[in-house]
Amino acid sequence: MRLKRLSPKQRIGTNQRNPSTKMAAPKRRTSKMKQRSRLAAQAWKAPKLGSCPKCGAAVPGHTACPHCGTYKTQSGAEVVVKKVD
Ligand SMILES: [Zn+2]
């Protein structure tokens, strides 16, 4: 199919590949770098773990230690949380 040349005014809101439709169409192909850096930002990353001040077990941030139940507050006070079954 031969495409008809459109003036810039006619081009607004039309798809260049199929001028009969009025759909949003990308102007340019996404470059490899653009695509890869976007996907790299979306990639899953392992949660960063701290260590329990009391027993040294790996603990995710803002969480009481699953091993001994200690939670260290910002003021340095240690709070021991008991598990409820
Ligand atoms: Zn602990």
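Residues are numbered from 1 along each chain as its sequence is written. Because the model is predicted, local features need a pLDDT of at least 70 and side-chain atom pairs count only at pLDDT 80 or more, while totals for chains, interfaces and linings use all residues.

The protein chain contains two helices and four strands, arranged along the sequence as α-α-β-β-β-β. Helices (H or I, at least four residues) and strands (E, at least two) are DSSP runs, numbered from the N terminus. The mean pLDDT (the predictor's confidence in each residue, from 0 to 100) of the protein chain is 80, and 69% of the residues score at least 70. Confidence is lowest in helix α1 (residues 8-11), with a mean of 65, and highest in helix α2 (residues 32-42), at 96.

Of the 85 residues of the protein chain, 4% count as buried. A residue is buried if 20 or more other C-beta atoms lie within 10 Å of its own, exposed if 12 or fewer, and partly exposed in between, with C-beta atoms placed from the backbone.

The loop between β2 (58-60) and β3 (70-72) includes Gly-69, and His-62 lies in the loop between β2 and β3. His-62 counts as exposed because it has 7 C-beta neighbours inside 10 Å. The phi of His-62 is positive, near 55 degrees, in a residue other than glycine. Most residues other than glycine have a negative phi. Gly-69 counts as partly exposed because it has 15 C-beta neighbours inside 10 Å. The C-alpha atoms of Gly-69 and Val-79 are 8.1 Å apart in space, and the two residues are 10 residues apart in sequence.
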